[in-house]
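Welcome, and please take a moment to turn the model around before reading on. The report below starts from a single residue and then moves on to the wider packing.

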Amino acid sequence: MLPIILLYIFIFFFGSVVGSFLNVLIYRIPKHEDFVVVRSHCMNCGYQLGWTDLIPIFSWIALGGKCRKCKTRLSVQYPTIEALNGALYVLITVRYGLSIESLLYCFLFSALIALSVIDFRTYEIPIGFNIFILTLGLVRVATDYTDWLQYLIGFLVVSVPLLILYYATGGRGIGGGDVKLMAVCGLLIGWKLILLSLGLGCIIGSIIHVIRMKASKADRVLAMGPYLSVGIMIATLWGESMINWYLRLSGLG
Ligand SMILES: [Zn+2]
């Protein structure tokens with residue numbers, strides 16, 4: 001039991017380290033800043049962060065959520081993204097064990113977190129994320145090539161109808177980035193799970209959007225990326241059992 005718990009703690013910590021890199025991507029990609037060479041720095045005073053400021057979650061708490069030098073508030077987004085990415089890595093490992101699937105899904109979930117925050121703020125999914133997920137999908141097909149057909153169908157089954165919707169509504173019904181996202185994610189997770197993702201994403205999106213518009217008169221423009229991403233994550237983690245449960249319920253399984 002103990003080794004398992006230690007393994008999960010290690011995976012959580014590793015996930016939170018990747019999470020702090022996601023924070024860097026989230027802030028720098030929309031500004032077209034270099035995200036590899038430039039050292040992490042305070043957005044306000046430019047103070048370059050030392051290694052003691054870079055320990056995920058703990059540094060933020062130890063500093064009381066403020067910059068060490070100028071005491072500007074550091075967004076709660078930093079520790080939130082770090083903890084979220086760590087927790088999702090643990091859930092993936094619980095579900096898929098130590099496997100190539102887990103590795104691909106960890107990369108996928110991290111990309112989904114970063115692109116969701118960026119899409120929520122800018123209404124755009126940077127193309128780099130879709131290319132990254134496409135690469136994961138190709139690795140998936142290569143490592144599970146006997147099942148290639150279900151991934152190919154996954155690539156098309158949601159994206160083609162969405163593409164038709166995109167042209168029919170002149171891009172107002174759905175964004176081009178969302179169409180590409182559902183294509184590449186479908187290639188990675190297969191047709192059953194991507195269909196489920198779309199269903200979940202639409203339900204979650206409608207509910208949250210109605211609440212947001214009622215509560216804060218939020219703009220009518222709907223960034224779909226975050227909702228689709230949540231749908232994809234739920235489908236990837238629990239979709240198989242959800243589908244089996246539904247089939248049993250309807251007497252088909
Ligand atoms: Zn500062």
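Let us begin with proline 79, which sits in helix H3. The model is a predicted one, and here proline 79 counts as buried, because 21 C-beta neighbours lie inside 10 Å and the cut-off for a buried residue is 20 or more. Beyond its neighbours within four places in sequence, proline 79 is in contact with Ile57, Trp60 and Ile61. Serine 16 is 63 residues away from proline 79 in sequence, yet their C-alpha atoms are 8.5 Å apart in space.

Stepping back, the protein is divided into domain 1 (1-98) and domain 2 (125-253). The C-alpha centres of domain 1 and domain 2 are 27 Å apart.

Leaving aside neighbours within four places in sequence, leucine 108 is in contact with Ile133, Leu136 and Leu188.

Two packed helices are described by the angle between their axes and the distance between the axes.

| Helix pair | Angle between axes | Axis distance | Handedness of crossing |
|---|---|---|---|
| H4 and H5 | about 165 degrees | 10 Å apart | left-handed |
| H5 and H8 | roughly 20 degrees | within 7 Å | left-handed |
| H6 and H8 | roughly 160 degrees | within 7 Å | right-handed |

Take H4 and H5, which pack at an angle of about 165 degrees. That angle makes H4 roughly antiparallel to H5, because angles over 145 degrees count as roughly antiparallel. On the H4 side, the contact is made by Ile100, Leu104, Phe107, Leu108, Ala111, Ala114 and Leu115. H5 answers with Phe129, Phe132, Ile133, Leu136, Val139, Arg140 and Thr143.

How are H5 and H8 oriented, roughly parallel or roughly antiparallel? Their axes cross at roughly 20 degrees, which makes H5 roughly parallel to H8. H5 brings Asn130, Ile133, Leu134, Leu136, Gly137, Arg140 and Val141 to the contact. From H8 come Lys180, Leu181, Val184, Cys185, Leu187 and Leu188. Ile133, Leu136 and Arg140 of H5 take part in this contact, and they also take part in the one with H4.

H8 packs with H6 too, and there the axes cross at roughly 160 degrees. That makes H6 roughly antiparallel to H8. Tyr151, Gly154, Phe155 and Val157 in H6 meet Ala183, Gly186, Leu187 and Ile189 in H8.

**Residues in the loops**

Finally, a few loop residues deserve a visit. Which phi value does lysine 71 have? Its phi is near 65 degrees, a positive value in a residue other than glycine. Lysine 71 is placed in the loop between helix H2 (58-62) and H3, and lysine 71 counts as partly exposed, with 13 C-beta neighbours inside 10 Å.

Tyrosine 123 also has a positive phi for a residue other than glycine, near 60 degrees. Tyrosine 123 is in the loop between H4 and H5. With 15 C-beta neighbours inside 10 Å, tyrosine 123 counts as partly exposed.

Methionine 224 is 174 residues from glycine 50 along the chain, and their C-alpha atoms are separated by 37 Å.

Definitions and conventions: Residues numbered from 1 in each chain as written. Predicted model: local features only at pLDDT ≥ 70, side-chain atom pairs only at ≥ 80, totals over all residues. Contact = placed C-beta atoms within 7 Å. Axes fitted to C-alpha atoms, helices over the stretch in contact; angles between N-to-C directions. Helix = DSSP H or I, 4+ residues; strand = E, 2+ residues; numbered from the N terminus. Parallel < 35°, antiparallel > 145°, perpendicular 65-115°, else oblique. Left-handed = near helix turned anticlockwise from the far one by under 90°. Buried ≥ 20, exposed ≤ 12 C-beta atoms within 10 Å, placed from the backbone. Domains from an automatic or database assignment.
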